[in-house]
Amino acid sequence: MRGRRTALAAALLALTAPATGCASGPSLEDRGQVTAPPGDNKNLVVGSAGFTESDLLAQMYALLLKKAGYGTQILSVANRELYEPALESGQIDVVPEYAATFADWLNAKKNGADAPPVGSPDLATTMKALRRLAAPRGLTVLDPGEAVDQNAFAVTAAYAARHRLKTLSDLGTSRLKVRLAAGDECVRRPYCAPGLKKVYGIDVTGVDPKGVGTTQAKKAVQNGQDQMVLTTSTDATLDDFGLVLLKDDKHLQNADYIVPVVNRSQAGSGSVAAALGRLNSVLTTADLASMNEQVDSWRRLPQDVARTYLEDKGLL
């Protein structure tokens, strides 16, 4: 495994060349990896995208694979432009991904940045598109579970109580004027300001470009400078700012369910799918938020939080 890790590090350095070099390259179909039988390498590299939630998922994947008899190591590669080609080539074997986001990313890689998105709020439609795009690259997308990390919108608990808001539909019918703390791309993204206006009738008067779920953005809502913040459904720090999520009751957001993606020739076996699939029966969005909080707010190590969770759920 030491030699493989050294080779991977060298390959990832090579991938820091201009993006056009890593986005093309020889087709996996030409190398026979799509039609070959699924592989079952007993030593697997689990990739992490380098942020808390991805680290937690990678740790859980590694622990479940170890229990199933695989040797594992975790490699953190904080850029999809780097780890996805490494996954295709078999230098990384398994990564946790988000169904709609990854589908749109692969679609843009194949058809260009201006290609119409293929991710949607419907999970079945999204998974069909994702698997269609992944297969020619030698990738297998395993089944999603219940856990989902979607864009989400939060207001202060006091604001929600004062105006009797539980859903985004409630906010739309209230006719309240809303200044939104979000990333600057929110102005044009269909899931953000345009979608809030079109789907919910929310009167978004402006976007305060403070980032997605950043401390600065949440403080702007907390102090009343803005009325709502764009964050994620597994944000573990909302309580710290007195914020609550409004339910996306008309399903504006895409189906970003968590899915393991594996290199078919290295980790496409039923044994790998079964080992990782055990997580689907227990992991929820609330569980992920709780684990994120333990790492981000309580300063626990991701590997300790992951192990405790799996032990508590009877999976280790």
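Two strands pair if DSSP finds at least two bridges between them. In this predicted model, 5 bridges join strand 3 to strand 10, which spans residues 258-263, and the two strands run antiparallel. Within this pairing, Glu 97 stands opposite Val 259 of strand 10.

The protein chain as a whole holds 14 helices and 10 strands. Of its 316 residues, 51% count as buried. The accessible surface of the chain comes to about 14,400 Å², and carbon and sulfur atoms account for 51% of that surface. Among contacts between residues at least 6 apart in sequence, 77% join residues at least 24 apart.

The average pLDDT is 90, and 89% of the residues score at least 70. Over residues 1-6, however, pLDDT stays under 50, and the model has 14 contacts beyond four places in sequence for this segment. A further segment, residues 13-31, also stays under 50, with 18 contacts beyond four places in sequence. Where pLDDT is low, the predicted coordinates should not be read in detail.

Helix 14 comprises residues 302-312, and its buried residues are Pro 302, Val 305, Ala 306, Tyr 309 and Leu 310. Seen down the helix axis, these buried residues fall within an arc of 125 degrees, so they line one face of helix 14. An α-helix has 3.6 residues a turn, so residues three or four places apart point the same way. The cover over the buried residues of helix 14 includes helix 3 (52-67) and helix 13 (285-296). After helix 14 comes Gly 314, with a positive phi near 75 degrees.

Helix 3 also contains Ser 54. Ser 54 has a relative accessible area of 2% and is buried. A polar atom of its side chain lies 2.8 Å from the backbone nitrogen of Ala 49. With neighbours within four places in sequence left aside, Ser 54 is in contact with Ser 48, Ala 49 and Pro 96.

Leaving aside neighbours within four places in sequence, the contacts of Leu 168 include Phe 153, Leu 196, Tyr 200, Ile 202 and Met 228. Leu 246, Lys 247, Asp 248 and Asp 249 are also in contact with Leu 168. Leu 168 and Leu 245 are separated by 77 residues in sequence, and their C-alpha atoms are 9.2 Å apart in space.

Arg 164 is placed in the loop between helix 7 (157-163) and helix 8, and its phi is about 55 degrees although it is not a glycine. Arg 164 is exposed, with a relative accessible area of 76%. Arg 175 lies in the loop between helix 8 and strand 6 (177-182). Its phi is positive at about 65 degrees, although Arg 175 is not a glycine. Arg 175 is likewise exposed, with a relative accessible area of 65%.

Terms used:
Residues numbered from 1 in each chain as written. Predicted model: local features only at pLDDT ≥ 70, side-chain atom pairs only at ≥ 80, totals over all residues. Heavy atoms only, no water. Helix = DSSP H or I, 4+ residues; strand = E, 2+ residues; numbered from the N terminus. Buried < 20%, exposed > 50% of the residue type's maximum accessible area, 1.4 Å probe, protein only. Contact = heavy atoms within 4.5 Å. Areas by Shrake-Rupley, 256 points an atom, 1.4 Å probe, with all protein chains shown as cover. Arc of directions from axis to C-beta. pLDDT = per-residue confidence, 0-100. Polar contact = N/O pair within 3.5 Å; in protein donor to acceptor, adjacent residues only side chain to side chain.
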